[in-house]
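Please keep the sequence and the structure in view while reading.

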Amino acid sequence: MLEGDVQKSWLLIAIYIEEGRSSTDVYTFLIEAMYEIGKRWQENKISVADEHLATATCDYVITSYHSINCLSAIEHFFFALKEKSIT
């Protein structure tokens, strides 16, 4: 995330998803990463700009992940409604 590489950051999340990890695991991973970034900033190991870039990258990944989960839930809901109306 420090590189601001959204694709690379998203790839890490995709690997988590493919491994069957839960949403809690994904969010915990992201929270721990942001904690480490904050710690590095506090210790003056990275700049404010680096911290802001990493935060923006993390925000994008979290929003994308959340959107995918919401869409998936909506699809399951409508599929269940469709199946219920058929039977």
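Arginine 40 and glutamate 36 are joined by a salt bridge, with their closest N and O atoms 3.2 Å apart. The term salt bridge denotes a side-chain nitrogen of Lys or Arg within 4 Å of a carboxyl oxygen of Asp or Glu. The model is predicted, so local features need pLDDT of at least 70 and side-chain atom pairs count only at pLDDT 80 or more, whereas totals for chains, interfaces and linings use all residues. Residues are numbered from 1 along each chain as its sequence is written, and side-chain values use heavy atoms, with hydrogens and water left out.

Why are arginine 40 and glutamate 36 separated by about one helical turn? The two residues lie four residues apart in helix α2, which covers residues 23-42, and therefore about one helical turn separates them. Arginine 40 is partly exposed, at 34% relative accessibility, and glutamate 36 is also partly exposed, with a relative accessible area of 31%. Here buried means under 20% relative accessible area, exposed means over 50%, and partly exposed lies in between (1.4 Å probe, protein chains only).

**Salt bridges**

The count of salt bridges comes to three.

| Lys or Arg residue | Glu residue | Closest N and O atoms |
|---|---|---|
| Arginine 21 | Glutamate 19 | 3.0 Å |
| Arginine 40 | Glutamate 36 | 3.2 Å |
| Lysine 45 | Glutamate 43 | 3.2 Å |

In the pair formed by arginine 21 and glutamate 19, arginine 21 is partly exposed at 38% relative accessibility, and glutamate 19 is partly exposed with a relative accessible area of 48%. In the pair formed by lysine 45 and glutamate 43, lysine 45 counts as exposed at 60% relative accessibility, whereas glutamate 43 is partly exposed at 38%.

**The whole protein**

How many helices and strands are there in the protein? There are three helices and zero strands, and the pattern along the sequence is α-α-α. Helices (H or I, at least four residues) and strands (E, at least two) are DSSP runs, numbered from the N terminus.

Of the 87 residues in the protein, 17% are buried. The accessible surface comes to about 6,500 Å², and carbon and sulfur atoms contribute 61% of this area; such areas come from the Shrake-Rupley method with a 1.4 Å probe, and for residues only the protein chains shown count as cover.

Among contacts (heavy atoms within 4.5 Å) with a separation of 6 or more, 71% are between residues 24 or more positions apart.
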